[in-house]
Amino acid sequence: MKCLVVGHLTRDVIVRGSSFETRIGGGAYYSAAALSRFCDVEVLTSYGGDFPEEWVKVLEEMGITINAIPGERSTTYRLEYFDASRRELTLISTAAKIDELPDGRYDIIVLNPVAGEIGRKAIEAAKEKGKLIGADVQGFIRRPFPGKVRVTGIPFEVFRGIHILHADVSEAGYIRGLDPEGVEVLLISNGEEEGTVYRRGRAYRYRPAVVRVEETTGAGDVFLAAFTYFYRECPFVQALKKAGAFTALFLKYRRFDFPEDELNETAMRVHVKPLERKAL
């Protein structure tokens with residue numbers, strides 16, 4: 001199975017109190033790492049000479065192919081954590097825009113920008129080249145200007161025709177004219193709280209499996225990638241449960257090599273129930 005993940009790999013400067021570290025990040029990183037457990041993954045990205053070569057080697061050792069557009073600088077974020085779920089993001093620099101996709105077709109394409117780097121032309125190309133397309137709203141609504149991260153509205157028409165669209169509950173409000181029937185599956189997550197999912201316009205509520213975590217970075221990116229894969233392989237409710245379990249175990253271990261038995265056991269703790277059809 002061929003999977004393409006589109007978006008910037010980032011340099012993340014993590015600040016907790018008086019300590020800090022720099023590590024690889026970006027929605028594309030977390031989505032690609034999750035998918036690498038199941039399929040051949042290519043990442044279309046951009047970064048500059050400040051992006052450590054050893055990070056690229058780690059991805060390649062995971063079986064991930066990197067297709068990088070040269071940039072003067074890499075996309076870099078400063079993430080200051082106040083607790084496990086509260087943080088402040090500051091954009092320091094951005095890499096090159098992504099306007100075109102590679103030749104060929106893919107079984108899965110995940111569009112996961114972090115700073116508005118995916119252009120409309122690339123979105124339309126994905127609709128032609130991908131059998132199953134997932135997208136995360138987060139990086140489409142972030143303004144690509146250095147400084148404290150700000151968001152702006154985006155018309156839903158940008159996403160119409162995409163199969164799976166993910167946003168957290170706060171991000172969904174920035175999609176103008178949001179139409180749950182305009183995508184096959186609309187995932188609206190709410191951290192460890194109950195979320196809402198629309199499949200072909202029908203609403204469901206789901207409650208994730210709760211685990212103790214030190215941080216939640218990457219949760220939405222892993223959830224989107226895992227659901228997109230499982231949705232291709234499993235019935236809808238089972239896919240939702242397994243994606244929720246996969247995300248919970250990633251948050252618990254901060255890696256993806258957990259046992260299949262634990263994944264299936266955790267999936268039993270993800271609750272899904274249908275609701276009456278209604279507008280957002």
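Let me start with a pair: strand 2 (residues 10-16) and strand 6 (residues 75-81) run parallel, paired over 7 bridges. Strands here are DSSP E runs of at least two residues, helices are H or I runs of at least four, and both are numbered from the N terminus. Two strands count as paired if DSSP finds at least two bridges between them.

Some ground rules. This is a predicted model: local features need pLDDT of at least 70 and side-chain atom pairs count only at pLDDT 80 or more, while totals for chains, interfaces and linings use all residues. Residues are numbered from 1 along each chain as its sequence is written, and side-chain values use heavy atoms, with hydrogens and water left out.

Back to strand 2. Arg16 stands opposite Tyr81 in strand 6. Strand 2 also pairs with strand 3 (residues 19-25), antiparallel, over 7 bridges. There, Arg11 has Ile24 of strand 3 as its bridge partner. The hairpin of strands 2 and 3 has 2 residues between the strands, and Gly17 takes a positive phi near 60°. Buried means under 20% relative accessible area, exposed means over 50%, and partly exposed is in between, with a 1.4 Å probe and protein chains only.

These strands belong to an open sheet of 5 strands, order 3-2-6-7-10, with mixed pairing. Strand 3 and strand 10 (147-148) each have a single partner strand, so one side of each is left without a neighbour in the sheet. Strand 10 pairs antiparallel with strand 7 (residues 87-93) over 2 bridges. Thr90 stands opposite Lys148 there. Helix 2 (residues 53-61) lies across strands 2 and 3, at about 50° to strand 3. Axes are lines fitted to C-alpha atoms, for helices over the stretch in contact; angles run from 0 to 180 degrees between N-to-C directions. Contact means heavy atoms within 4.5 Å.

Strand 15 (residues 195-199) and strand 16 (residues 202-207) are antiparallel over 5 bridges. Thr196 has Arg205 of strand 16 as its bridge partner.

His271 lies in strand 17. Is His271 buried or exposed? Exposed, with a relative accessible area of 51%. Beyond neighbours within four places in sequence, His271 is in contact with Arg205, Tyr206, Arg207 and Lys241.

Last, the second largest pocket. Its volume is about 160 Å³. Which element supplies the largest share of its lining? Helix 1, with 3 residues. Strand 3 and helix 1 each supply at least two. Among the lining residues are Ile24, Tyr29, Glu215 and Arg254. The lining divides into 7 nonpolar, no polar and 4 charged. Nonpolar covers Ala, Val, Leu, Ile, Met, Phe, Trp, Tyr, Cys and Pro; charged covers Asp, Glu, Lys and Arg; the others, Gly among them, are polar. A pocket is an open set of points on a 1 Å grid over the protein atoms alone, where a 1.4 Å probe fits, with protein on both sides within 12 Å along at least five of seven lines; lining residues have an atom within 4 Å of a point. Volume is the space filled by probe spheres set on the points, which are joined across faces, edges and corners.
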